[in-house]
Amino acid sequence: MSAIDVLDATGKKSGSVDLPADMFDVQTNVPLIHQVVVAQLAAARQGTHKVKHRGEVSGSGRKPFKQKGTGRSRQGSIRAPEHRGGGVVHGPTPRSYAQRTPKKMIRQALFGALSDRARAERLHVVKNFGLGDTPSTKTAASLLQATAPGPKVLVVVGREDEVGQKSVRNLPGVHALHPDQLNAYDVLGSDDIVFTQGAFEEFVSGIAVTTEEATK
């Protein structure tokens, strides 16, 4: 188990937190992460695409011209797919793209992504954002610039931390999540991960409780 520094609003060390090895020092399984990310993106698809087949388009059911004697191919309806305005053959219909992904796979993919960021020293913990009980976007921006200078930053703040949420929500290139929303896709899409100390402790304790329940 290693530890990283906790920085205050001025960027100075104000303590440290331990990084559990079973969460932040596991082997990064790239095929597993790929499968989980693909499943997450698939589940986000609406699946509301729809085309009309020949039984749904408007048009007469009358035979457009007689069967023989015209020199043309025989036709039975103007709603047939080969006609302009006719139905579509084998077109998309509403469906669900969701893929079944076990919770253990999702959790292990997240741990692998976090471990990769931790080994690259792209994982940071700050005491809080803002100035005391007052939100401050300026303070948050300067702290993130000094801590995580990457163009894309994932900030993890607690659900009850309104000061932190209001401080970072308008910053460009910053995506904020709650500890229980953390996922492999958002971790991989960010250059740096910044936890508030409260959010980090909430994440670690929440994962520990979930793991303990799963083993019962």
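**View 1. Aspartate 180 and its partner, arginine 159.** In this predicted model, aspartate 180 is exposed, with 55% relative accessible area. Its side chain meets that of arginine 159 in a salt bridge, at 3.2 Å from N to O. The two sit in distant parts of the chain, 21 residues apart: aspartate 180 in the loop between β5 and α6 (184-188), arginine 159 in the loop between β4 and α5 (162-168). Arginine 159 comes out as partly exposed, at 41%.

**View 2. Aspartate 192 with arginine 122.** Here's another salt bridge, with the closest N and O atoms 2.9 Å apart. Aspartate 192 belongs to strand β6 and arginine 122 to the loop between α3 (103-119) and β3, so the pair ties together parts 70 residues apart in sequence.

**View 3. Lysine 50 and glutamate 56.** This salt bridge brings the closest N and O atoms to 2.9 Å. Lysine 50 is partly exposed at 43%, and glutamate 56 is partly exposed at 34%. The total for the model is six salt bridges.

**View 4. The open sheet.** Six strands line up as β2-β1-β3-β6-β4-β5, with mixed pairing. β2 (13-19) and β5 (174-177) take the edges with a single partner strand each, so one side of each has no neighbour in the sheet. On average, neighbouring strands are turned by 30° against each other, ignoring direction.

**View 5. β3 beside β6, with α4 lying across.** Strands β3 (residues 123-126) and β6 (residues 192-196) run parallel, joined by four bridges. Valine 126 has threonine 196 of β6 as its bridge partner. Helix α4 (residues 137-147) lies across β1, β3, β4, β5 and β6, running at about 145° to β3.

Methods
Residues are numbered from 1 along each chain as its sequence is written. This is a predicted model: local features need pLDDT of at least 70, side-chain atom pairs count only at pLDDT 80 or more; totals for chains, interfaces and linings use all residues. Side-chain values use heavy atoms; hydrogens and water are left out. Two strands pair if DSSP finds at least two bridges between them. Axes are lines fitted to C-alpha atoms, for helices over the stretch in contact, and angles run from 0 to 180 degrees between N-to-C directions. Contact means heavy atoms within 4.5 Å. A salt bridge is a side-chain nitrogen of Lys or Arg within 4 Å of a carboxyl oxygen of Asp or Glu. Buried means under 20% relative accessible area, exposed over 50%, partly exposed in between (1.4 Å probe, protein chains only).
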